[in-house]
Amino acid sequence: MGVKNGGSRKRVPTVWGRLMWPVLLAVVLLCVGAVVVSGMAPGLFSVPRPSPSIPAWQQQPTQLSGSSALLPLDDKAPVPLTSEVSRLLDGTLKPDGAGNISGMVIDAITGKVLFDRDANANRIPASNMKLLTAVAALKALGPDAGFTTKVLGSDNPSTVVLTGGGDVLLGASASDPSAILGRAGLASLAADTATALAAAGVQGPITVKVDDSLFTGPALNPAWSLDDVAAGETAPLYSLALNSGRYSPGVQTGPRPQDSAMTTAQAFAEQLAAAGVVVSPGVERAKGLPTKVLATAESATVSEQVDLMLETSDNFLAEALGRMTAAASGKETTYDAATAAVRQRLGELGIATDSMQLADVSGLALENQVSARQFAEVVRAITSGPDPALRSALDGFPVAGLTGTLNDRYGDASTAGGAGLVRAKTGTLNTVIALSGYVVDADGRLLVFSFIGNGLDPGAAGNKVAMDRSASVLASCGCRG
């Protein structure tokens with residue numbers, strides 16, 4: 001019988017016919033699921049790629065270390081050949097125009113010298129001086145020490161004396177336990193003082209005075225250029241200051257307070273008034289009674305302050321740490337005593353200092369004279385020397401292309417190989433460029449280095465690039481010929 005328009009024969013259902021649509025639906029759902037899962041976990045269904053050729057110690061870490069030590073390092077890793085290191089650095093360590101660059105590279109574990117170009121010659125080091133200050137402060141004071149700012153009473157119950165203890169990182173607001181600059185805050189100190197005065201029944205008005213006598217000698221180093229002071233590179237030094245001697249923690253350049261002790265005391269008086277205390281106008285210098293402590297505020301630790309000093313190259317903070325190092329070394333707290341204390345502590349580490357000429361401890365003075373060898377030995381003392389207290393300075397070294405004074409360097413093709421790997425303290429003056437630090441090379445060998453250029457053409461961009469390229473060469477160096 002024929003089939004009519006639009007009609008069909010009646011069929012007997014088969015097993016496949018009954019199961020076909022559920023099976024197809026299941027297949028579609030599985031495919032969709034596979035796409036979703038692969039999007040959530042890329043590479044789940046792909047063939048595993050071969051392991052990267054970058055050494056493990058130069059790869060991004062899977063977790064952050066809780067230690068500042070450079071571990072683990074393989075002391076059996078091959079030491080670079082001196083001839084190969086010299087060949088590479090002779091091709092990169094060249095001044096851009098006038099001047100010359102001295103340098104030294106040392107294998108940190110063995111002390112073997114891998115590169116020496118006039119390394120014993122004295123050079124103006126600029127802010128590399130802060131490396132000497134860092135190790136001296138850590139050795140003299142200890143990494144966990146801190147400085148105490150006090151409010152003392154006096155013979156007159158209505159007079160309080162804000163007394164400096166060496167903390168130049170005071171903040172104007174409440175104390176911030178998580179901060180370095182501003183760990184001790186004037187608002188908290190004033191609130192505690194107000195509570196103590198109320199408990200003693202003192203009504204007011206209260207006269208605020210300040211004692212900055214901890215630091216002695218001239219407040220301004222005569223070795224500094226007044227142009228640098230006017231530009232805000234530093235300021236007259238006192239034993240207490242807000243914001244490392246700046247008007248604002250967020251403004252790093254420009255004019256600074258010329259009397260940071262008075263500026264701080266005036267800000268304290270304002271906070272005391274904000275805490276509800278009636279305060280008489282004006283602030284004068286005076287001494288309080290050490291037995292009448294009304295309130296105290298603790299600074300960040302020496303280790304934390306050293307790290308901040310190195311990372312940001314803070315001249316004012318460096319000089320304050322130098323004065324506190326002098327005090328801890330049984331010396332006066334003058335500029336000359338600070339340099340003498342730094343020299344003393346370096347000598348205790350076995351670093352020869354007879355040839356050094358030190359005019360300050362921040363590196364602003366052109367009279368400073370230190371060799372590349374001495375800086376390399378200081379960096380080696382920090383990374384792998386016998387005094388574990390110095391290890392805490394490791395975190396302060398700026399990281400190439402990432403932090404501190406190296407955050408805007410190592411961005412071009414010739415230096416990018418050192419980005420994230422080179423850790424070094426910078427130094428810059430008009431005709432001076434310096435870079436001293438450490439790096440783990442491609443074979444896993446810890447190398448320390450110091451490069452110092454003097455008599456350079458001011459502003460010549462190629463000088464920083466030459467040093468950055470040279471440090472990058474060390475980072476990628478197998479250097480076995």
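**Entry 1: a term before I start.** I count a salt bridge when a side-chain nitrogen of Lys or Arg is within 4 Å of a carboxyl oxygen of Asp or Glu. With that in hand, I looked up D314 and found a salt bridge to R246, where the closest N and O atoms are 3.4 Å apart. The two come from distant parts of the chain, 68 residues apart: D314 sits in the loop between α7 (302-312) and α8 (315-328), and R246 in the loop between α5 (226-230) and α6 (260-274). D314 has a relative accessible area of 4%, so I wrote it down as buried. R246 is buried as well, at 11%.

**Entry 2: the overall picture.** I noted that this is a predicted model. I found eleven helices and twelve strands in the protein chain. Of its 481 residues, 48% are buried. I also checked contacts between residues at least 6 apart in sequence, and 70% of them join residues at least 24 apart.

**Entry 3: further salt bridges.** I got 13 salt bridges for the structure. One of them pairs the side chains of R445 and D107, with N to O at 2.7 Å. This pair spans 338 residues, from the loop between β11 (432-440) and β12 (446-454), where R445 sits, to strand β1 (residues 100-107), which holds D107. Are the two partners buried or exposed? R445 has 2% relative accessibility, so it counts as buried, and D107 is buried at 0%.

Next I looked at R409 and D468, whose side chains meet in a salt bridge at 2.8 Å, N to O. R409 belongs to the loop between α10 (372-384) and β10 (423-429), while D468 is in helix α11 (residues 462-475), 59 residues apart. I read 11% relative accessibility for R409, which means buried, and 3% for D468, buried too. I also jotted down a network in which salt bridges with shared partners join D212, D259 and R285.

Entry 4: I went back to the loop between β11 and β12 for D441.

**Entry 5: α7 and what follows.** I listed the buried residues of α7 as V302, S303, Q305, V306, D307, M309 and L310. The elements covering them include α3 (129-141), α8 and β10. Just after α7 comes S313, with a positive phi of about 55°. S313 lies in the loop between α7 and α8, and at 16% relative accessibility I counted it as buried.

**Entry 6: N315 in α8.** I then moved to N315, in helix α8. At 6% relative accessibility, N315 is buried. What does N315 touch, leaving out residues up to four places away in sequence? I listed S127, K130, E233, T234, S362 and L364. S127 is 188 residues from N315 in sequence, yet their C-alpha atoms are 8.1 Å apart in space. For E233, I found the backbone oxygen 3.0 Å from a polar atom of the N315 side chain.

**Entry 7: α8 against α9.** I looked up how α8 packs with helix α9 (residues 335-348): the angle is about 70° and the axes are 8 Å apart. Angles of 65 to 115 degrees count as roughly perpendicular, so that is how I described α8 and α9. On the α8 side, E319, G322, R323, T325, A326 and A328 make the contact, and on the α9 side Y335, A337, A338, A341 and R345.

Entry 8: A126 has a positive phi of about 55° and is not a glycine. I placed A126 in the loop between β3 (122-123) and α3, and its 1% relative accessibility means it is buried. I also found a cis peptide bond joining G204 and P205, with omega at about 0°. P205 falls in the loop between α4 (186-199) and β6 (206-211).

Technical notes: Residues are numbered from 1 along each chain as its sequence is written. This is a predicted model: local features need pLDDT of at least 70, side-chain atom pairs count only at pLDDT 80 or more; totals for chains, interfaces and linings use all residues. Side-chain values use heavy atoms; hydrogens and water are left out. Helices (H or I, at least four residues) and strands (E, at least two) are DSSP runs, numbered from the N terminus. Buried means under 20% relative accessible area, exposed over 50%, partly exposed in between (1.4 Å probe, protein chains only). Contact means heavy atoms within 4.5 Å. Axes are lines fitted to C-alpha atoms, for helices over the stretch in contact, and angles run from 0 to 180 degrees between N-to-C directions. Angles under 35 degrees count as roughly parallel, over 145 as roughly antiparallel, 65 to 115 as roughly perpendicular and the rest as oblique. A polar contact is a pair of N or O atoms within 3.5 Å; within protein, one must be able to donate a hydrogen and the other to accept it, and residues adjacent in sequence count only if both atoms are side-chain atoms.
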